[in-house]
Amino acid sequence: MAVAVAKRRRVGGGLGSERTREALVGYGFVAVPMAFFLLFFIFPIGYAFYISRYDWQIFKGPFVGWDNYRTLYHDSVFWRHAVRNTLVYTATVVPLQMALGLALAVVVNQAIRFRTFFRAAFYFPSLAASAAVAAIATYILASDGLFNTILDHLGYHHNNAWFAQQSTALPAIIGLNAWTTSGTIMIFYLAALQAIPIDVYEAAAIDGAGAWRTFRKITFPLLKPGHFFVAVVSIIGALQMFDQSFLIGGASGGPNYSTLTTVLYLYNQAIANIKFGYGAAVGVVLFAFIFTVTVIQRLLFGKAEVA
Amino acid sequence: MSTEELPPVPRVAAEELALEGLAQGTAAPTGIPGRERVERIRTVVVYFILFAVALLFAIPFLWSVSTSFRTIADTVAGFSLLPRHWTTSGYHEAFHTFNFGRYALNSAIIAGAVTLSNLVLASIGGYAFARLKFPGREVLFMLVLGTLMIPDQLRLVPIYLMLVNWIPAWVGHLGWHDASFINRNGVILIQLVSATSLFLMRQYFLTIPRDLEEAAKLDAAGYFKTYRKVMLPLAGPALAAVGILMFQGTWNALFWPAVLLQDKSEFTIPIGIAAFHSAYLTMWPPLMAASVIAILPILLIFVVFQRYFVAGVASAGVKG
């Protein structure tokens, strides 16, 4: 049928009608994705705000204006635990995973044997299901787990499960995620490293610069665009941490809120406690915060690119 | 937000990840007396560290495999590298007692459906955005990319309520009565297409020379036929990247399944692991068996299609 229509176009149509036809086909081809994005991405922005102005629990209740936001402003669990943990997590995990990812990238960017194997081995933890990795971590960090067994052999005695203690649960998650995310960061940095022209290194070698000096004086500064890009992606990702807290600390972010993050708190309010109006308010505030962070980063550092 | 602001797919890294042994890193100075021995020692140290770190990265996975073949008594009997008594009862329990066979099937259904619909919608849409001229095209594409700035937490409540109230009413008008979307249907519906897949397909179609379509035009082929017979066969690498990215992401996903899947019979593997973990805290062998079941398919896909995963990383950068 398409052929028949096309033939008719070639026989009878002028330039105008062909253009119209192309446009109509174009709209047709993007119609389903565009309808999808409007319905499930664009519309929910406004709808979230609308919901947040109602006392909406299982059913839509009365209009309450800014009440949900006022409640959130005075919500000590949100600020003292969820926000605090999320900020501590972000401030710690981002530098850790960036340093680890950069170190891995620099090493596997060298002319070494089994380079493909090493890259794959370092990258894979980022690809494995977070639920499975968290389960394995819980097992290894259990009170009688592999990690404590090794510590025992080294002369440190630690008899508690790392995820079950209020003081060690979040640091353990930070360590876990710095490890799993470093593979992704490594790939980003590899792309950035390969954009550095090789003659820069040749010049450094002629000048007799050592490996560390070359890295510090040449590689690291030349990676500037890469650093910005990786930092932006890492910060935005870290601010939205959910999986490990949900899997390890449960919906309440235990023990005693020590692993509660902002997104987990939102899940808890909206889905577990069925407070849709309040949950929507939390979502709007988190969105405003992440959006502001993104805009500030853009303004400060300009375009973020891999290379 | 414009297209230029997005990170390019690091093709170089993709090739590098797949190709072995091409020397391209820092040039090591050679031919200077005395340097060679230092270099050799350095090389040995570097390899030692590399293998140590690789082993460190692999230990958690190897340890989970080892435990998945143990008896429960074995897991509390002190350290041993390998199981004292090899048994597959961990897998047997995971599959039969704790339903992970069912969960794996559910994960495969959701991941398969989302992957397929992304491939179809993103390739047709990507073709239109790359090749067909229509008023508002750039604005619409910017809108698509803009959706990457909208985090899931903002969408959580609105989408949940839409899936409870509106969508069932709409499909009821279309003749599908009493449909529910707080289940697998909802998980699939809200992931039918992503900006990332659309972006990857469009970028790839932009790199295909126009001559080929001109030839199709002379044959008086319509746009759909050009897409189907000319563009799609050339888009293999992009389709592979999108397919792998979507399958891996959906297979591993936790957030939306945690929100929408409430009936145990519809749980995916990650949700099954979460539920099992909170209910039977120290039954390690079946839990490790379930983790192996969750990881193994992705490991196999990774080993076979390594380089396509890198395109996925680039688009992970697009998120945010």
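The model is a predicted one, in which local features need pLDDT of at least 70, side-chain atom pairs count only at pLDDT 80 or more, and totals for chains, interfaces and linings use all residues. Residues are numbered from 1 along each chain as its sequence is written, while chains are lettered from A and ligands numbered from 1 in the order in which they are written.

Chain B has 320 residues, and 44% of them count as buried. A residue is buried if 20 or more other C-beta atoms lie within 10 Å of its own, exposed if 12 or fewer, and partly exposed in between, with C-beta atoms placed from the backbone. When contacts in chain B between residues at least 6 apart in sequence are considered, 75% join residues at least 24 apart; a contact here is a pair of residues whose C-beta atoms, placed from the backbone, lie within 7 Å.

Turning to chain A, the loop between helix 12 (243–249) and helix 13 (262–272) holds Pro255(A), which is joined to Gly254(A) by a cis peptide bond with omega of about -5°. Asn256(A) lies in the loop between helix 12 and helix 13 as well, and has a positive phi of about 50° although it is not a glycine. Asn256(A) counts as partly exposed because it has 13 C-beta neighbours inside 10 Å.

Further along, Ile274(A) sits in the loop between helix 13 and helix 14 (276–301). Ile274(A), a residue other than glycine, has a positive phi near 50°. With 14 C-beta neighbours inside 10 Å, Ile274(A) is therefore counted as partly exposed.

Definitions and conventions
Contact = placed C-beta atoms within 7 Å. Helix = DSSP H or I, 4+ residues; strand = E, 2+ residues; numbered from the N terminus.
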